[in-house]
Amino acid sequence: MRMRTVAWPVALLAALAAVSAMAAAKPPAKSAMLRRGEYLVTIGGCNDCHTPWKMGPNGPANDMTRMLSGHPQDVAISEAPSQSPPWTTSASSTFTAWAGPWGVSFASNLTPDPETGLGKWTLQNFVEAMRSGRHMGRGRPILPPMPWPGIAKMTDDDLKATFTYLRSIPAISNRVPDPIPPEAASAAQSSGMQGSSTAPSGTKP
Amino acid sequence: MGDAAAARRRSLPPHGPPARLADTGLYSDFATRTIAPGNLHYSPQYPLWADGAGKSRWVFVPPGAAIDASDPDGWRFPVGTKFWKEFAWSRKVETRYLERTRDGWLYATYVWSEDGSDAVLAPSTGLLSTYEIAPGRRHFIPTVADCKNCHRGGRAEILGFGALQLSSDRDPLAPNREPLDAGMPTLTTLVRSGLVRGLPRALVEHPPRVAATTPRGRAAMGYLHANCSICHDSVGPLASQGVSLRHSLVAREQSDEPAAAAIGHPSRFRAPAVAPGESVWIGPGSPTTSMVVARMASRSQMVQMPPLGTALVDEQAVALLRAWIEQDLLPREQAK
């Protein structure tokens, strides 16, 4: 009887310690805002254009090792492909570069890298960019196919959640090229200039 | 002043500006285009580039009220203050309007008819006017969002009416400079009249000027202050870029060279002809690697600076900036 009296509290303490250790091993719960931001970025399809695609065993898929880092800097594009009606728009094999009447646009780096991504942006920069369709809220126009007019209708809370999530993901250094205006994109084509467009995984487009 | 004039001067109804410029209070007699007394005609020493338009500006401050200049960089205007800015080439084309209401600044603009008989409120979504400022280029009446884009980019919403712009120490080399006509106010006369109050004594006793080592530098940095620091300053939404082109009159922010932070600062924008890693905001001795110049010299939508509001390059200013960078700013090796 005496041994059962001593063993019971010890067993309880051991069990409590085990539960505590298990809890400590789990990652901290995400805040509600972070979860909301992750949800919005997921269902909003941001990865579709801002995460490069690569060819996998089941066909094209997002290369999540480059999540939301934009058009890969090692995929050089200097001209727009020739097209004829009814075709007016083309996409690169990475799905991060788009050619159309606007020239050539490249999906930007949304990771918090300070030099090549959104690391130096403030929430105000982000909200104003989405509401105005201008870079950092007051610069050059944000080009197609970025669907900012729809995003502009998001609530302040949802934009904040989106930005909060983007600031939480791994920072990736990737310098996305500047857009190519229509006259430069077609001039390069006319002059016979060719740009290399090798997919980052080594597979040809 | 009669009842009709007083009615024109009353605050606007909360739901929006009048449909006609004639009803905003600018004119005492619209038919003769007589400006109402009490509307002060003024001219900043560093005008904003506007595709070569001739500009006329007026301000109205309600009688008995005054402008609070205790923050030299961010003057505060009383409710009821009004500003008008007329753009004209061979004829009047547009008159922009700002009114300080209890809820903040009201933005509107008025488009002149081709025969000059009337000016009506433009849609808030902007308008491509019929006036051709250059072959194939028509003047664009900005959207209200465009207005706010610039006017809310920094410390103060009113851009051309402040201590530096109205200083009696006017820059004789300022690009696109305008004459200071008789009767136009200066900072000194505004303070003496009591219309501007609270300005730090040092600025009253020594009218401000852009600090520079050469007259050309003064003009160049004054131009950058007026045309670029609207957005590129150390306190507004773009402060995170780490570059200010503003000549601050607040002692804690002032530097010997207002654009010092831009000199040698790496630029994320790169001109195609410039090797990677060589693009900087302002490159001493090197206009070709200076992205400030490259972007000023372009009107491509993706490249131009400022990003909106103009369709033509300010050739005079570009030449000034090139000369300043090439001849007045020494590369680091030479400076040592």
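What follows is a short chat about a predicted model with chains A and B.

User: Before we start, what should I know about the model and the numbering?
Analyst: This is a predicted model, in which local features need pLDDT of at least 70 and side-chain atom pairs count only at pLDDT 80 or more, while totals for chains, interfaces and linings use all residues. Residues are numbered from 1 along each chain as its sequence is written, and chains are lettered from A and ligands numbered from 1 in the order in which they are written.

User: How many residues does each chain give to the contact?
Analyst: Chain A gives 17 residues and chain B gives 14 residues, where two residues are in contact if their C-beta atoms, placed from the backbone, lie within 7 Å.

User: Which elements turn up in chain A?
Analyst: Chain A has 7 helices and 5 strands, taken as DSSP runs numbered from the N terminus, with helices (H or I) of at least four residues and strands (E) of at least two. From the N terminus on, their order is α-α-α-β-β-β-β-β-α-α-α-α.

User: Now the largest nonpolar core, which residues have the most contacts inside it?
Analyst: Those are B:Tyr223, B:Val292 and B:Leu321, in a core of 55 residues. Such a core is a set of buried Ala, Val, Leu, Ile, Met, Phe, Trp, Tyr and Cys residues joined through C-beta atoms within 7 Å, and buried means that 20 or more other C-beta atoms lie within 10 Å of the residue's own, again placed from the backbone.

User: Where does it lie in chain B?
Analyst: Domain 1 (1–209) and domain 2 (210–336) of chain B both give residues to this core, so the core lies between them; the domain bounds come from an automatic or database domain assignment.

User: And what does B:Tyr223 touch?
Analyst: Leaving aside neighbours within four places in sequence, B:Tyr223 is in contact with B:Tyr46, B:Ala174, B:Pro175, B:Ala317 and B:Leu320.

User: Switching to the sheet in chain B, what is the strand order?
Analyst: The order is S3-S4-S6-S7-S8-S9, an open sheet of 6 strands with antiparallel pairing, where two strands pair if DSSP finds at least two bridges between them.

User: Why is one side of S3 and S9 left without a neighbour?
Analyst: Strand S3 (40–42) and strand S9 (119–121) of chain B stand at the edges, each with a single partner strand, so one side of each has no neighbour in the sheet.

User: How many bridges join S7 to S8?
Analyst: Strand S7 (residues 92–101) and strand S8 (residues 104–112) of chain B run antiparallel and are joined by 8 bridges; B:Glu99, for one, has B:Leu106 in S8(B) as bridge partner.

Key. Buried ≥ 20, exposed ≤ 12 C-beta atoms within 10 Å, placed from the backbone.
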